[in-house]
Amino acid sequence: MDRRLKRAILAVAGSGKTTLLVNSVSLNKRCLLLTYTDNNADNIRKAIIQRFGCIPDNVMVSTWFSFVFCFLVKPFRVENCPPIRWMLFPKPNEVPRYARGFERFVSKEGGIYHCRSFEFVKQYIGEKKILNRISRFFDAVFIDEAQDFGGYDFDFIEMLGKADFSVTLAGDFFQHTYDTSHDGNKNQSLHSDLEKYRKQVGKYYELDEISLAESHRCPPEVCLFITEKLGISIKSACSACGCEPQLLESKTAADEVISNDSIQKLFYNNAPKYNCNAMNWGACKGLSFDCVCVVLNKTTYNLYKQDRLSELNQVTKNKFYVACSRTRGQLIFLPDSLVVST
Amino acid sequence: METYIKAIHLINFRKFTDATITVNSGMNIFVGDNGAGKSSILQAIDLALSGSATRVLSYGFDNLMNVETIEKWKKAPQLDTLPKTIIELILEMTDSPKNQYFHGEQHYGAAPTAAYGIKMVCEPNPDQMEELSEAIRSEQCNTFPFSFYFVSFSTFSNAAYTGFKKPVKSKFIDNACTNTTKALRNIVTDTYQNVFGERERAQNEHNFARHLNQFSLPQMAKERGLVVSAELEDLLDIRESGISLSNRGEGAINIAKTESTLVRDSGTSSVVIIEEPENHLSPVGLRKLVNHINRETAGRQLFIATHSSYITTRLGLKHAFFVGDTVKSFNDLNEDTANFFMRAPNDNLLQFILAKKVVLVEGAAEYILMDEFILQITGRKSDELGIWILSLNNLSFQRYFELANKLGIKVAAIRDNDKKTSDWYRDCVDEAKKVFVDSDLKRYTFEVCLYSDNKNTLSKIFASKQDPLAYMLANKAEAALLILKSNEKLVVPSYIQEAIRWIVG
């Protein structure tokens, strides 16, 4: 194994990112698997347990912030720094904007702000110690959902580019729905177009746009819909499911879909308010369902009707793409006016 | 062995204000006087590995913290100078992802170098600082504010350590108190858990509960709320030839306990702590136990506190630590010397190690008379003066000199000149170690010297013998006893006088 190998795999939805990463894990190298959401970390753990029967001693799976806090913040001494006891997850406007010194990173009660935690680590512990510690325990690092590393956390991706262990990134540019660390203008424009992202990552990583170019989840009908309507190119490796994505506009049809629990309903937001098998677009990343019903809010519905979905704003479009690409089979759309909330 | 304890760092713990003890990956034997801190070291290892606050609280902070530190603080009581009690175990581990949890810079070593380890810290509770400062202000501080202290366990990565994720399995065998019901229960439980795995035990307990359910007390009992309630493990007993373990001698219990622990989990790396294994054992029992320990140590790290020379020498003097004002390791002891003490008759080794001043004499005759000589010259008894007298019985005094060198013991070796000039010992003496011989080559041995200085007195004592000197030479110990019994004052040969004055001074 080449410890210097740096690879970034640009994937499409359902192309088997997790499977590819988990298959790259072996018992004879020490592996770190990082991802952003708890859901995805659980998925990876499950896949590893399925493959090895347990999480082997040479493998560690962690969410990004748990990794920063437990592996990079806590073990190091930082002179004069007040004790850091936990990590805080404030909204962007709750982080002290003009604070200087340690107050910029740590609250009075000893909570480190998640969005600045890696900035803290970079500034006070330093690249050398960070890379040394990772290198002491791991031969290979895998980052799933790499597109979500934004703000200061993208610096981590860049930093790993210089490491003496192998690094594999896997991500779907268009599934970038939130930044892990959104703070001020740091790396703000990074995700605004694919070309720029490619260039930035390509400085340190060999880009692989072939391995995960085909979806093993979505049928060709769905892939065609996404490619044509959203302008996001995705190919299918599955056989046709036999029905086109369709918009239902009658109350009876809608009720039938809502009451059928084998159809996963995906809402723009407020999923818990609907008394059915529901989930938000943003939360369903990494999951697959046999049949998906994407509920359209007013804006999306109007654009859908006018065949102008590609004009959705970047973040909403990405979320909508995530929602549509969850299905292994049928894809149904419903306007939210036909769905009653509680 | 993959994981073992590399060093123990104690701050304000019991008698240690700040001590780092680097230990061996296999055998570690702690010797020292009563109250020197042997047991404290064992206890520190046990406490830190346990990760149990309850265990710490059962001792009480006041019993764990260094007394002088407390007194010192009381003289100038201030919130920010409140002392902490800290135990750190520095570990050797492999760089495996599962061990990252133990690795980091969060230890009390001066340099921020990353290491593997765990720590126990007793310190003022940061959440009660206001109450604490109030208590310090209002009080005269005759009471140390232990009530505001709390204990925490963490790894060197500052992750909480609970004892669930132990770096090594550990077992504490405390033979100082075998005869308690709890100690006996532990042996039984250990044995039971050795025989059955977790699943089998659950099965046994389930079966037992089923049988227990079938038994019922008469109605009367129910009216009073009386029920039969029992846990299987509490009811177990070990019997040998029909005799319950609790009715056997303490020695037998002791061996059973040590054996049951050493046999368990053989193969997996673990730490075994044994307090005074020699307690309640006959010499035969002791030999059995030492053989057992020697056989079962592979892949284990042992910590043993003992007062037994036999255990110390047979388990290897090189693995011993002398616990005194400081903790000294015998690690760099000459291999030959360690082997010498392993083979030699050993009943006096620990006496030597524990002494501050030692007079080494050639044989039994000098040994018998030396106390009397010391009294005569100094007017005081040897034990008052803190002097130990050891008889070499033809063993090499240089071996003892090497030990003395390590421990800073003052040693006088009183030797016969054996008709040789004094050049032969010149290399091994210094200001703390001296050899005393008669300079007159004709006075070649102790009896000759004594006789030539006390012809009249000795002729009187040995009046019945034809040739007193010949009798003394042929029956050295007997003759010495007769001299002692006679209560006659003798002139002490000058080289011995010189030795006594030097060792006392």
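Buried here means under 20% relative accessible area. Keep that cut-off in mind; the model on screen is predicted.

**Stop 1: chain B as a whole.** Select chain B. Of its 505 residues, 49% count as buried. Show the cartoon: 21 helices and 18 strands make up the secondary structure of chain B. The radius of gyration of chain B is 30 Å, well over the 23 Å that the globule rule gives for 505 residues, so the chain is more spread out than a compact globule. Along the principal axes the trace spans about 95 × 60 × 50 Å.

**Stop 2: contacts and surface.** Stay with chain B. Among its contacts with a separation of 6 or more, 74% link residues 24 or more positions apart. Chain B exposes about 25000 Å². Carbon and sulfur atoms supply 49% of that area. Next, colour by charge. Chain B has 57 positive and 62 negative charges, and their mean positions are 3 Å apart.

**Stop 3: helix H20.** Select residues 476-486 of chain B, which form helix H20. Show side chains for B:Ala479, B:Ala480 and B:Ile483, which are buried. Look down the axis. These residues cover an arc of only 100 degrees, which puts them on the same side of H20(B).

**Stop 4: the neighbours of H20.** What do the buried residues of H20(B) pack against?
- H15, residues 364-378
- H17, residues 446-453
- H18, residues 455-461
- H19, residues 468-474

**Stop 5: past the helix end.** Select B:Asn487, which follows H20(B). The phi of B:Asn487 is positive, near 60 degrees.

Key:
Residues numbered from 1 in each chain as written. Chains lettered and ligands numbered in written order. Predicted model: local features only at pLDDT ≥ 70, side-chain atom pairs only at ≥ 80, totals over all residues. Heavy atoms only, no water. Helix = DSSP H or I, 4+ residues; strand = E, 2+ residues; numbered from the N terminus. Rg over C-alpha atoms; globule rule 2.2 N^0.38 Å. Buried < 20%, exposed > 50% of the residue type's maximum accessible area, 1.4 Å probe, protein only. Contact = heavy atoms within 4.5 Å. Areas by Shrake-Rupley, 256 points an atom, 1.4 Å probe, with all protein chains shown as cover. Lys, Arg positive; Asp, Glu negative; His and termini not counted. Charge placed at Lys NZ, Arg CZ, Asp CG, Glu CD. Arc of directions from axis to C-beta.
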